[in-house]
Structures are given as structure tokens and as C-alpha cells.
Amino acid sequence: MASFDFSTGRKAMTGFSMASLTDIVLLLLIFFLLTSSFVTQNGLRVTLPDVAAAAPLEQEYVAVTIEADGTFYVDDLEVPSDSLTAAVDAARAGRTSLAVYADADALVKDLAAVASTASALDMRVSIATEAAAPSDDS
């Protein structure tokens with residue numbers, strides 16, 4: 001009976017390449033960064049309205065909170081409605097967008113006042129909302 005020699009004469013590799021491990025760690029890092037929540041919690045508690053899709057806000061924004069009774073807060077400091085533009089301008093410090101945290105029971109005229117302030121200061125407006133729970137329409 002004939003015997004076949006399949007050996008190549010090369011030595012077995014004894015070292016371990018770390019390239020595949022670094023690829024896995026990089027992919028895990030990207031996964032956790034993309035799936036984590038980037039929404040900054042505001043210091044004041046207001047009931048945000050629910051919407052079907054909510055977009056994340058930028059990190060560089062001036063936070064304006066509107067309570068149900070019409071009280072305005074700029075970066076957690078209470079301001080009267082007639083000096084809202086001056087307060088936002090003072091808190092601006094190079095930021096180009098404005099995030100509105102309006103209570104679900106706040107009036108539209110208060111939201112319009114904040115939008116008017118942002119327009120006067122040439123700022124972009126984002127409205128903070130809560131993501132609505134998925135509905136079972138089946």
C-alpha cells in the first residue's frame with residue numbers, strides 16, 4: 001500500500017495576529033456609539049409631546065424650556081417673556097441652534113415667541129419630543 005506525504009515543509013504559524021481582534025473591537029465601539037442615546041437630559045421636568053419619529057439634537061444648542069403656565073427658562077434660568085430675545089442672545093456664546101423643551105400643555109403663542117426670537121437671532125430651531133410607543137395596528 002502506497003503512502004502519500006502531504007507535508008509542505010513549512011513550519012506552523014506560532015504567532016497570533018491582533019488585526020482581527022482590533023477590527024472586532026472597532027466594530028463593537030461603533031455599534032455601541034450608534035445605539036446609545038445622545039439626548040441630553042434637561043434640568044427642568046416638562047411633559048414633552050409624543051411623535052412618531054424623533055431626531056437627535058445637536059450638542060451645541062441653547063436650551064429654552066416652556067412650562068404649561070407660560071414660564072420661560074433659558075439654560076435653566078427663568079426669564080420674563082418680554083426679555084426672551086436678550087436672554088437667548090446673552091446665553092448664545094457662539095451656538096447657532098436653539099432647542100425648545102415645550103410642555104405638551106404649553107400654548108402655541110409661547111412656541112411662536114421662541115421661534116420669533118430664534119429667527120431674529122438667525123438661529124436654527126429644534127423642538128424636543130418624546131418618541132411615541134409603537135402602536136399595534138395589526
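1. Helices (H or I, at least four residues) and strands (E, at least two) are taken here as DSSP runs, numbered from the N terminus. By that definition the protein chain holds 3 helices and 7 strands, and from the N terminus on its elements follow the order α-β-β-β-β-α-β-α-β-β.

2. This is a predicted model, in which local features need pLDDT of at least 70 and side-chain atom pairs count only at pLDDT 80 or more, while totals for chains, interfaces and linings use all residues. Residues are numbered from 1 along each chain as its sequence is written, and side-chain values use heavy atoms, with hydrogens and water left out.

3. On confidence, pLDDT is the predictor's confidence in each residue, from 0 to 100; its mean for the protein chain is 80, and 78% of the residues reach 70 or more. Where pLDDT is low, the predicted coordinates should not be read in detail.

4. Of the 138 residues of the protein chain, 26% count as buried, where buried means under 20% relative accessible area, exposed over 50%, and partly exposed in between (1.4 Å probe, protein chains only). Taking contact to mean heavy atoms within 4.5 Å, 72% of the contacts between residues at least 6 apart in sequence join residues at least 24 apart.

5. A nonpolar core is a set of buried Ala, Val, Leu, Ile, Met, Phe, Trp, Tyr and Cys residues joined through side-chain atoms within 4.5 Å. The largest one has 18 residues, and those with the most contacts inside it are Val74, Leu84, Val88, Leu98 and Val114. Two or more residues each come from strand E2 (62-66), strand E3 (72-74), helix H2 (84-92), strand E5 (97-102) and helix H3 (108-120), with H2 giving the largest share, 4 residues. A second, separate core of 5 residues includes Tyr61, Ala63, Ala99 and Tyr101.

6. Which residues does Leu98 touch, not counting those up to four places away in sequence? They are Tyr61, Val62, Val64, Val88, Val114, Ala118, Met123, Arg124, Val125 and Ser126.

7. Helix H3 has 13 residues, which at 1.5 Å a residue should span 18 Å, and its end C-alpha atoms are 18 Å apart, in agreement; the expected span is 1.5 Å times one less than the number of residues. Asp110, Val114, Thr117 and Ala118 are buried in H3, and, seen down the helix axis, the buried residues fall within an arc of 100 degrees, so they line one face. That arc is taken from the directions from the helix axis to the C-beta atoms. The buried residues of H3 pack against E2, E3, H2, E5 and strand E6 (124-127), whereas the face turned away from them carries the exposed residues Val108, Lys109, Ser119 and Ala120. Just after H3, Asp122 takes a positive phi of about 55 degrees.

8. Asp75, in the loop between E3 and strand E4 (77-79), has a positive phi near 50 degrees although it is a residue other than glycine, and it is partly exposed, with a relative accessible area of 27%. Asp76, in the loop between E3 and E4, has a positive phi of about 70 degrees and counts as partly exposed at 41% relative accessibility.
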